[in-house]
Amino acid sequence: MPSLTCPGCGEEVDISDLKEGDRFDCTNCAGLTLELVRREGELTLRQVQRVSCPLCNQMLEVPEHARPGDIMSCCGQTFRLTYEFGAYALE
Ligand SMILES: [Zn+2]
Ligand SMILES: [Zn+2]
């Protein structure tokens, strides 16, 4: 069966029912969402990063190519994306 390694826990994930662009939650990693993507012709799993709005606590998706210092908006305000201790935050 086709499988890939979860970037969160390192466990093999069965991808036989998945196609490129599909998203799913890793059964081993609490709250970790994975997306099946193609990189240089190879299917791979990437972790969908989320960050919570400081005002409403809604979880916002961090765009794949976002970098610390990028601006994200919610609640009619803009926030700067930071990355510390392995997690994204907005301030
Ligand atoms: Zn995992
Ligand atoms: Zn908000």
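Which strand is Thr-78 found in? Strand E9 is where Thr-78 is found, and the views below start from there. This is a predicted model, in which local features need pLDDT of at least 70, side-chain atom pairs count only at pLDDT 80 or more, and totals for chains, interfaces and linings use all residues. Residues are numbered from 1 along each chain as its sequence is written, chains are lettered from A and ligands numbered from 1 in the order written, and side-chain values use heavy atoms, with hydrogens and water left out.

View 1. Setting aside neighbours within four places in sequence, Thr-78 is in contact (heavy atoms within 4.5 Å) with Ile-71, Met-72 and Ser-73.

**View 2. The open sheet E8-E9-E10.** Three strands (DSSP runs of E, at least two residues, numbered from the N terminus) line up in that order with antiparallel pairing. E8 (71–74) and E10 (87–90) sit at the edges with a single partner strand each, so one side of each has no neighbour in the sheet. From one strand to the next, the twist averages 40 degrees (axes are lines fitted to C-alpha atoms, and angles run from 0 to 180 degrees between N-to-C directions). E9 (residues 77–84) and E10 pair over four bridges (pairing takes at least two DSSP bridges). Leu-81 has Leu-90 in E10 as its bridge partner.

**View 3. The zinc ion (ligand 2) and its four cysteines.** The SG atoms of Cys-53, Cys-56, Cys-74 and Cys-75 coordinate the zinc ion at 2.2 to 2.4 Å (donors are N, O and S atoms within 2.8 Å of the metal, or 3.2 Å for Na, K and Ca). Angles of 103 to 118 degrees between the donors make the arrangement tetrahedral (four donors, all angles between 85 and 135 degrees). Along the chain, the donors follow the spacing C-x2-C-x17-C-C. Cys-53, in the loop between strands E6 (50–52) and E7 (59–61), and Cys-74, in E8, are 21 residues apart and link distant parts of the chain.

**View 4. Around Cys-53 and Cys-74.** Cys-53 is buried at a relative accessible area of 0%, and Cys-74 is buried at 11%. Between the C-alpha atoms of Cys-53 and Thr-78 there are 9.9 Å, with the two residues 25 apart along the chain.

Key:
Tetrahedral: all angles 85-135°; square planar, octahedral: opposite > 155°, others 65-115°. Buried < 20%, exposed > 50% of the residue type's maximum accessible area, 1.4 Å probe, protein only.
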